[in-house]
Amino acid sequence: MIDFTKSAGFNLAARHRAETRFQWMGKGAILLALAFLAWLIVTIAVGGYGATKLVQIAIPVDLSATNIDPNNIAAARFGKIVKLGLRTRFPEVKKRKDKKKLYNLLSTEASFELKRAILADPKLLGGTRKIWFTASDTLSLYVRGKTNVSVPEDQRRISDKEIAWAADMQKNAEIRTVFNWGFFTHGDSREPEIAGILAALIGTALSLAVCFLLSFPLGIAAATYLEQFAPANRLSDIIEVNINNLAAVPSIVFGLLGLSIFLGYFGLPRSSPLVGGMVLSLMTLPTIIIASRASLKSVPPSIKEAALALGATPVQAVFHHVFPVALPGMLTGAIIGMARALGDTAPLLMIGMVAFIVDIPKSILAPATALPVQIFLWSDSPERGFMEKTSAAIVVLLIFLIAMNLIAILLRRKLEQRF
Amino acid sequence: MSDPIIRAQNVDVFYADKQALFGVDLKIEEKQVTSLIGPSGCGKSTFLRAINRMNDLIPICRFRGSLKIDGQDVYAPAVDVVSLRAQVGMVFQKPNPFPKSIRENVAYGLKIHRLTSSKSELDGRIEHSLKSAGLWDEVADRLDEPGTSLSGGQQQRLCIARTIAVEPRVILMDEPCSALDPIATAVIEELIDKLRRDFTIVIVTHSMQQAARISQRTAFFHLGKLVEVGSTKQVFTNPVEERTQNYITGRIG
Amino acid sequence: MSASKIDLQRPVRPPWIDRAIITILGLAAGLAILVTLGIILSLLSETIRFFGKVPITEFLFGLEWSPQTAIRADQVGSDGAFGAIPLINGTLLISAIAMLVATPLGLASAIYLSEYATKSMRSWVKPALEILAGIPTVVYGFFAALTVAPFIRMTGSQLGLEISSESALAAGVVMGIMIVPLISSLSDDVINAVPQSLRDASMGLGATKSETVRHVILPAALPGIAGSLLLAASRAIGETMIVVMAAGLAANLTLNPLKAVTTITAQIVSLLTGDQAFDSAKTLSAFALGLLLFIVTLCLNVAAHLIVRKYREQYD
């Protein structure tokens, strides 16, 4: 009598247990990789959330004519006025050491904030006004509950006195937390509460623009040649192998090329988006060529043949008929290549885009930094506040990456619908 | 005639919403060669793959009805497909040796099912299987060469040797000669005739001549239905159904 | 109006236009060769100048790397020791850890996705793994240095292990996670290329799915998988930001994954980001390291492509 059940022998029980174990290994591997992804994203999102908050304190400042000449506002000593305001708010502070601690409540940017406020609204002049100033990093972290106050005073950055003053101000609603727009409108700064990503964003945008303008036309030209016109000879083979290998060269090597040839040999300006974009375009070029060739290959040859049969030259057939069909696919490849370039850091370090840049770069020749490099620089800073900024900058970078990839996916989908 | 070893009753098979088999009733006798013939797309391969539940590997494929082998319902919940396939072997359309040595190809089933306990027993079974498949004389001195180095006909005999090594009760063959030249086909046909002594063989073929040459019983499928089944002689010389008549005379195909 | 005769010689437009356009396109394609030549020439020329200051034997076999200060007064090159062995050791150690993490994870997920997962599961797990591949390495570096390294250190201290805060382990593990999607997507392609007939043959004999995978599919896919592992290894060796941020600059010659090591790429960055005279041995050594890196990764890539191409031919 034949038996097809589990009791039929063939060591079935053990083999099915092995099967289950094997499946769980696969599931486990996927779960582990995705858990890591979740861990990374949650850590960074939580860390970056803090950077959206800006702590401000209200200080009564005396803006009467004794302090500021209305006819010559720029000459006023704004720093001194702010400090005076702080001392008026806390008249009991007398000792020099304590005064210094008192001033520590404020960001060093406060004097510039006062100046900007008055220039924007001269009507403030002529009396004592309560004005909101950015708090220092130390106070800001304390107010937002990021400081462990249970440790002994000499082991934390905020002193008991400062905590007492903060408590007093909180009682009088003189401390508030607002959305930190400055993070998106400022350049870099030594002070984490002031530092922003605008300069880095502009640097990245300029570099990517240079990169796109160079690598896209060159990439699709090379791809068109290789796919449509290249004779089947040794040279074409060499070019093809070359492109495949370039796609896998470590990015830092392109940085070395940029340093030695673009900076060393051609003498182009160091730290500039021009050179950054050129280096990035070398990296992006193979990606664009490979993607564009795939796109050209997917165009049915019948289209080209129809054009040729009507008497078009091969060049006309390609440019009038094959090229427009393949263009969205080539653009998709370019966007994916640009997304990679957006996140790449190492080659930019090589060509000096690591400088401390406060000013917004005005041209592709001006010194600049880029968003991923800014992340690298901030991640190296010891201040706790910079850790939040780093995470927030990463969030911005990831949002840009996701946006670019989404565009690429949508483009691809549109392309697929046509065939 | 003894009890049939395979008894299919009212078998329906669906691919998603498309029905491929309609109420097939078929009995297959033990130690005989039964051919399933019919135009392509008629469901003969689907029926064959339903017997050892290879259709389970296609997620959209559903089975309805009753299919019993030796009285055991193949689709009963207690059935273990691994055990089923170990006892109902299959040879495929294109020769598909594993990219391993000839020896390992034959040893594979024996190893996974732990059917041998010693090296010498394993070697003995390998030799026996290759001899049964009529391949031994050609490969005895190169058992460690890759199975893919053999010719097409040899590869298919290797696949048969691999199947019979496990000593199944039934061997299903899905157009085993369709990828072979006429000489290799003749060798395989001769082999099938010999194997009939030890195994029950169900073979799908697109060649009516082949069905006539090697099988004792023939079942004709058309558009998912079993049209006619009977002794090969009767089906080819004196069919009951008009559609069978039309097919064997080449009017439908 | 006279009946015009067919003139098969008259071109529709001057042929030179087409020739010029094709030439321009060809030049763009030729740029790829120019870039490769540029890389080789720029690295080679600086490297040759470097070997004018430091003997090649010291670079290739020296056991000490400290480009900043002279170790001994009679030190060749007089401004440091340029033995690349500790860097090669560190690079290989971190890459090995990364491969140890990524190979099982990447292969297991590729097998699961191609052989077991339902279509709907594939459709969201694959893009999720691709996100892992799309995250910039500077982000991994930040995460490795500020989250994973302290985590490993803490876990270690609870087990009574002394783990450096810039341990090779932290950098290696994070790098491993980074290359999981590379291995899994390449292996997935390779596993899918194994003909269905082999699966049928094995299942038809009564093999379980995992037996089919282990005994039939993996051996058949092995060359392709080896190719994808080589590509992944090349990626790990050339990876820069993770090691710059998480592995540090201590040129220890050790195989202990709990100690800090440094890598070729981390050293290139540290040598070239400070203010340096362009001609000093210290600066030039970065190019020698770059050439070494280029040669090693190029060999790995070429080998990987050859293996994969041979494998494709087998089943075409």
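In chain B, 4 strands form an open sheet in the order β2-β1-β4-β5, with antiparallel pairing; strands here are DSSP runs of E of at least two residues and helices are runs of H or I of at least four, both numbered from the N terminus, and two strands count as paired if DSSP finds at least two bridges between them. The edges are taken by β2 (18-28) and β5 (72-73) of chain B, each of which has a single partner strand, so one side of each is left without a neighbour in the sheet. This is a predicted model, in which local features need pLDDT of at least 70 and side-chain atom pairs count only at pLDDT 80 or more, while totals for chains, interfaces and linings use all residues. Residues are numbered from 1 along each chain as its sequence is written, chains are lettered from A and ligands numbered from 1 in the order in which they are written, and side-chain values use heavy atoms, with hydrogens and water left out.

Within this sheet, strand β1 (residues 6-15) and strand β4 (residues 61-69) of chain B pair in the antiparallel sense over 8 bridges, and B:Arg7 stands opposite B:Lys68 in β4(B). Helix α1(B) lies across β1, β2 and β4 of chain B and runs at about 65° to β2(B), where contact means heavy atoms within 4.5 Å and angles run from 0 to 180 degrees between N-to-C directions of axes fitted to C-alpha atoms, for helices over the stretch in contact.

Chain B also holds an open sheet of 6 strands, in the order β6-β7-β8-β3-β9-β10 and with mixed pairing. Its edge strands are β6 (88-91) and β10 (225-231) of chain B, each pairing on one side only, and the twist averages 20° from one strand to the next. Strand β9 (residues 217-222) of chain B is joined to β10(B) by 6 bridges, the two running antiparallel, and B:Thr218 stands opposite B:Gly230 in β10(B). Helix α1 (residues 44-51) of chain B lies across β3, β6, β7, β8 and β9 of chain B, at about 150° to β7(B).

Turning to the other chains, 78 residues of chain C are in contact with 69 residues of chain A. Between chain C and chain A the count is 1 salt bridge, a term for a side-chain nitrogen of Lys or Arg within 4 Å of a carboxyl oxygen of Asp or Glu; the side chains of A:Arg15 and C:Glu211 meet in a salt bridge at 2.7 Å, N to O.
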